Amino acid sequence: MSTNENLIWHEGTVSRKRREAINRHRGLTIWFTGLSGSGKSTISVALEERLTNMGCRTYRLDGDNVRTGLNRDLSFTPEDRIENIRRIGEVAKLFRDAGVINLTAFISPYRRDREMARALSNDNDFVEVFVDAPLEVCEQRDPKGLYKKARAGSIPNFTGISAPYEPPEKPEVHLHTADKDVNACVDQLVDYLITQGYLESSLVAAAGSAR
């Protein structure tokens, strides 16, 4: 008998619905995907600041940060990239169950892996955000100097250079960061969350005063 056959999910008495009622918003995953340098981390930080000022419970999972701890044993091979996203998808699911708005900023280059993260539960509270900037713009920005290293051959399996990126086909939100600044992107995201009913009316009023 395998170990998995001996595992039984232990339900608690505090439901997700009760947690969400306290928080005054739904548990939600906002999954930022895009090339390195497209603006994922910058926008996720700004959105978290806006939502926190509105009174939302939030937590941000950033690609580099997670790889210093939870996923520090993973490389950037295709196999490890898949495992990286699988683990993050499971963590994001737990945050949703906690009633928290979690923001994940990962290149997450493969469509099937992003769909795997979405499909981990049937709550429909998964918002894919395509942070879209042309490769040449990302290379010009190159905030970490990674493209320069990748072009020189010192970073293998670098997305956009020596490894593929599969853009979302139907993201919930599409941000064009080559011609839109951070505040405009955050406005677009907050407007989406309001119109889709993710935030209660009391938080919506706070959103207006936070701009």
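## The whole chain

The accessible surface of the protein comes to about 11,300 Å², and 51% of that surface belongs to carbon and sulfur atoms; accessible areas come from the Shrake-Rupley method with a 1.4 Å probe, and for residues only the protein chains shown count as cover. The model is predicted: local features need pLDDT of at least 70 and side-chain atom pairs count only at pLDDT 80 or more, while totals for chains, interfaces and linings use all residues. Residues are numbered from 1 along each chain as its sequence is written, and side-chain values use heavy atoms, with hydrogens and water left out.

Switch to a cartoon. The protein has 9 helices and 5 strands, where helices (H or I, at least four residues) and strands (E, at least two) are DSSP runs numbered from the N terminus. Followed along the sequence, the pattern is α-β-α-β-α-α-β-α-β-α-α-β-α-α. The radius of gyration is 18 Å, close to the 17 Å that the globule rule gives for 211 residues, so the protein is as compact as a globular protein of that length. That radius is taken over C-alpha atoms, and the globule rule is 2.2 Å times the number of residues to the power 0.38.

Of the 211 residues, 43% are buried; buried means under 20% relative accessible area, exposed over 50%, and partly exposed in between (1.4 Å probe, protein chains only). Among contacts (heavy atoms within 4.5 Å) with a separation of 6 or more, 74% are between residues 24 or more positions apart.

## The largest pocket

Select Ser36, Lys40, Asp64, Ile107 and Lys144. Of the 34 residues that line the largest pocket, these are the closest to its centre. The volume of this pocket is about 670 Å³. On a 1 Å grid over the protein atoms alone, a pocket is an open set of points where a 1.4 Å probe fits, with protein on both sides within 12 Å along at least five of seven lines, and lining residues have an atom within 4 Å of a point. Grid points are joined across faces, edges and corners, and a volume is the space filled by probe spheres set on the points.

Now colour helices H2 (40–53), H3 (63–67), H4 (78–97) and H8 (182–195), the elements that give two or more residues to this lining. H2 gives the most, with 4 residues. By residue class, the lining of the largest pocket holds 14 nonpolar, 11 polar and 9 charged residues. Here Ala, Val, Leu, Ile, Met, Phe, Trp, Tyr, Cys and Pro count as nonpolar, Asp, Glu, Lys and Arg as charged, and the others, Gly among them, as polar.

## The second largest pocket

Move to Trp9, Glu11, Lys93, Leu94 and Asp97, which lie nearest the centre of the second largest pocket among its 17 lining residues. About 400 Å³ of space lies in this pocket. Helix H1 (16–23) and H4 each supply at least two residues of its lining, and H4 has the largest share, 6 residues. This lining divides into 4 nonpolar, 5 polar and 8 charged residues.

Most residues other than glycine have a negative phi. Which way does phi of Ser108 go, positive or negative? Phi of Ser108 is positive, near 35°. Ser108 sits in the loop between strand E3 (101–105) and helix H5 (111–118) and is buried, at 3% relative accessible area.

Next, select Asn157, in the loop between helix H7 (146–151) and strand E5 (173–176). Its phi is about 55°, also positive, and Asn157 is partly exposed at 30% relative accessibility.

Return to H4 and pick Asn84, which is buried at 6% relative accessibility. Beyond four places in sequence, Asn84 touches Arg67, Asn71, Leu74 and Phe106.

Go to Thr58 in strand E2 (58–62). Thr58 is buried, at 18% relative accessible area. Show its contacts, again leaving out residues up to four places away: Glu48, Leu51, Thr52, Val100, Ile101 and Leu103.

Finish at Leu135 in helix H6 (135–141), which is partly exposed at 25%. With neighbours within four places set aside, Leu135 is in contact with Leu35, Tyr147, Arg151, Gly160 and Ile161.
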